[in-house]
Structures are given as structure tokens and as C-alpha cells.
Amino acid sequence: MKLSRLLWRGLTLRCPVCGQGRIFRRWFTMLERCPRCNLEFERVEGHLTGALAINTVVSIIVLLIVGIAGFVITYPELPLLPLVSTSVAVAVLFPILFYPFSKTLWTAIDLRLRPPHPGEVRPGYGDWIGS
């Protein structure tokens with residue numbers, strides 16, 4: 001399977017191996033294992049670090065885009081209060097809204113970098129990841 005399919009599943013909050021949805025109990029609480037393929041989502045100790053890194057990088061990029069767009073749209077007046085308020089709102093809200101996506105996206109990237117070994121998922125799942 002292609003990297004694009006893994007990433008798409010990650011971006012749509014699905015298990016990257018089998019495509020199973022509903023893998024979150026709540027917005028911040030992911031199931032320990034996929035109900036369909038039995039993949040353990042936190043594959044190694046420190047797995048969360050990758051998800052936090054993705055969340056941080058994407059949040060900074062979005063904040064940068066919002067800042068530049070605000071500057072370009074309002075130039076030459078540059079209303080400071082609305083620009084700063086919007087930037088602060090994006091800086092606070094976006095990482096919270098993107099959090100679950102960063103977890104599934106990182107799991108997809110991790111699977112591509114370290115394909116599941118035998119026994120990590122149910123038979124018939126995950127054989128295609130490394131190819």
C-alpha cells in the first residue's frame with residue numbers, strides 16, 4: 001500500500017493498518033489497540049513525542065499562514081488588535097483541534113518507517129505496509 005493511503009487514513013482518524021474508524025474514546029483519548037486489526041497504537045515508549053512534534057510543526061505552519069494572510073489582507077492599515085487576537089486564537093485552538101489527527105498521522109508515519117513485525121497485528125493485516 002502507498003504512503004498516501006497510510007497518511008490519508010491518519011488524517012481521517014482511522015487506523016492506518018486496516019482503516020477502522022472510531023478509534024478514539026474521547027477527543028484526547030485514543031484506544032490502546034485497534035478493534036479490527038489489533039494494532040497497538042502506542043508502539044514504543046515515547047511514541048507520543050512524534051505526535052506532539054507533528055502537532056507543533058503543523059500548528060506553527062498554520063499560525064504563520066494566518067499571520068501572513070492577515071498582514072497581506074489588511075495592508076497598509078494593519079489593525080494590530082484583530083491581527084494579534086486572531087493569531088492568539090489560532091495558536092491556542094488549532095493544536096487542541098489537531099491533536100487527535102497528529103496521533104493517527106504519526107502512527108501512520110511510524111508504520112511506514114517501522115513496518116509491523118509478525119504478531120503485532122492480526123494475520124492478514126499489515127503485510128503490505130513496508131512494500
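Predicted model: local features only at pLDDT ≥ 70, side-chain atom pairs only at ≥ 80, totals over all residues.
Student: Let's start inside. How many residues does the largest nonpolar core have, and which have the most contacts inside it?

Tutor: The general idea: in soluble globular proteins, nonpolar side chains tend to be buried together. Here the largest nonpolar core has 14 residues. Those with the most contacts inside it are C15, V17, C34, C37, L39 and F41.

Student: On to charges. How many salt bridges does the structure hold?

Tutor: Side chains of opposite charge can pair when their charged atoms come close. This structure holds 4 salt bridges. One of them joins the side chains of E40 and R33, at 3.6 Å from N to O.

Student: Are E40 and R33 buried, partly exposed or exposed?

Tutor: Buried would need under 20% relative accessible area, and exposed over 50%. E40 has 34% relative accessibility, so E40 counts as partly exposed. R33 has a relative accessible area of 37%, so R33 is partly exposed too.

Student: Which residue forms a salt bridge with D110?

Tutor: That's R43, and the closest N and O atoms are 3.1 Å apart. The pair links distant parts of the chain, 67 residues apart. D110 is in helix α3 (residues 80-113), while R43 is in the loop between β2 (29-30) and α2 (47-74). As for accessibility, D110 counts as buried because its value is 5%, and R43 is buried because its relative accessible area is 12%.

Student: And how far apart are the closest N and O atoms of R43 and E120?

Tutor: In that salt bridge they are 2.6 Å apart. R43 lies in the loop between β2 and α2 and E120 in the segment after α3, so this pair ties together parts that are 77 residues apart in sequence. Both R43 and E120 are buried.

Student: Which residues are linked with R43 in a network of salt bridges?

Tutor: D110, R114 and E120 are linked with R43 in that network.

Student: Last one, the helices. At what angle do α2 and α3 pack?

Tutor: About 145 degrees, with their axes 7 Å apart. The crossing of α2 past α3 is right-handed. Sorted by class, the contact of α2 with α3 has 19 nonpolar, 10 polar and 2 charged residues.

Conventions
Residues numbered from 1 in each chain as written. Heavy atoms only, no water. Core = buried A, V, L, I, M, F, W, Y, C linked by side-chain atoms within 4.5 Å. Buried < 20%, exposed > 50% of the residue type's maximum accessible area, 1.4 Å probe, protein only. Helix = DSSP H or I, 4+ residues; strand = E, 2+ residues; numbered from the N terminus. Axes fitted to C-alpha atoms, helices over the stretch in contact; angles between N-to-C directions. Left-handed = near helix turned anticlockwise from the far one by under 90°. Nonpolar A, V, L, I, M, F, W, Y, C, P; charged D, E, K, R; others polar.
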